[in-house]
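This report goes through one chain, from its overall make-up to the packing and side-chain pairing of two of its elements. Please keep the sequence and the coordinates open while reading.

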Amino acid sequence: MSQSNNQNQVQQMADWIKTNAVHITEGSVNKTMIRHRLRMEFDVQDEEVVDEVYNIITE
């Protein structure tokens with residue numbers, strides 16, 4: 001998988017989670033919740049991807 005394709009997928013997962021799964025309250029996002037949703041919705045186990053999605057959501 002190319003780096004840009006991977007970045008696009010990470011961005012899409014972050015957008016989906018921001019829209020459908022996470023309520024951001026005063027800039028606070030629960031990383032455990034993001035990890036759980038990525039596993040349940042996208043079968044993501046890689047902590048690096050979790051970190052990337054978390055960073056996108058909290059920007």
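Buried means under 20% relative accessible area, exposed means over 50%, and partly exposed lies in between (1.4 Å probe, protein chains only). The model is predicted, so local features need pLDDT of at least 70 and side-chain atom pairs count only at pLDDT 80 or more, while totals for chains, interfaces and linings use all residues. Residues are numbered from 1 along each chain as its sequence is written, and side-chain values use heavy atoms, with hydrogens and water left out.

**Overall make-up**

The chain contains three helices and zero strands, where helices are DSSP runs of H or I with at least four residues and strands are runs of E with at least two, numbered from the N terminus. In sequence order the pattern is α-α-α. Of the 59 residues in the chain, 25% are buried. The chain exposes about 4,100 Å², and 42% of this area comes from carbon and sulfur atoms; accessible areas were computed by the Shrake-Rupley method with a 1.4 Å probe, and for residues only the protein chains shown count as cover. A contact means heavy atoms within 4.5 Å. Among contacts in the chain with a separation of 6 or more, 52% are between residues 24 or more positions apart.

**Packing of H2 and H3**

Two packed helices are described by the angle between their axes and the distance between the axes. The axes of H2 and H3 come within 10 Å and cross at roughly 120°. These axes are lines fitted to C-alpha atoms, for helices over the stretch in contact, with angles from 0 to 180 degrees between N-to-C directions. H2 and H3 are therefore oblique to each other, given that angles under 35 degrees count as roughly parallel, over 145 as roughly antiparallel, 65 to 115 as roughly perpendicular and the rest as oblique. On the H2 side, Lys31, Ile34, Arg35, Leu38 and Arg39 meet Glu47, Val50, Asp51, Val53, Tyr54 and Ile57 of H3.

**Salt bridges**

The structure holds four salt bridges, a salt bridge being a side-chain nitrogen of Lys or Arg within 4 Å of a carboxyl oxygen of Asp or Glu. The table includes some of them.

| Pair | N to O distance |
|---|---|
| Lys31 and Asp51 | 2.6 Å |
| Glu47 and Arg35 | 2.9 Å |
| Arg39 and Glu47 | 3.7 Å |

In the salt bridge between Lys31 and Asp51, the pair links distant parts of the chain, with Lys31 in helix H2 and Asp51 in helix H3, 20 residues apart. Lys31 is partly exposed at 29% relative accessibility, and Asp51 is partly exposed at 30%.

The side chains of Glu47 and Arg35 also form a salt bridge. This pair again links distant parts of the chain, Glu47 lying in helix H3 and Arg35 in helix H2, 12 residues apart. Glu47 has a relative accessibility of 33% and counts as partly exposed. Arg39 is likewise partly exposed, at 34%.

**The loop between H2 and H3**

Where does Asp43 lie? Asp43 is in the loop between helix H2 (31-42) and helix H3 (47-58). The phi of Asp43 is near 55°, a positive value in a residue other than glycine. Asp43 is exposed because its relative accessibility is 62%.
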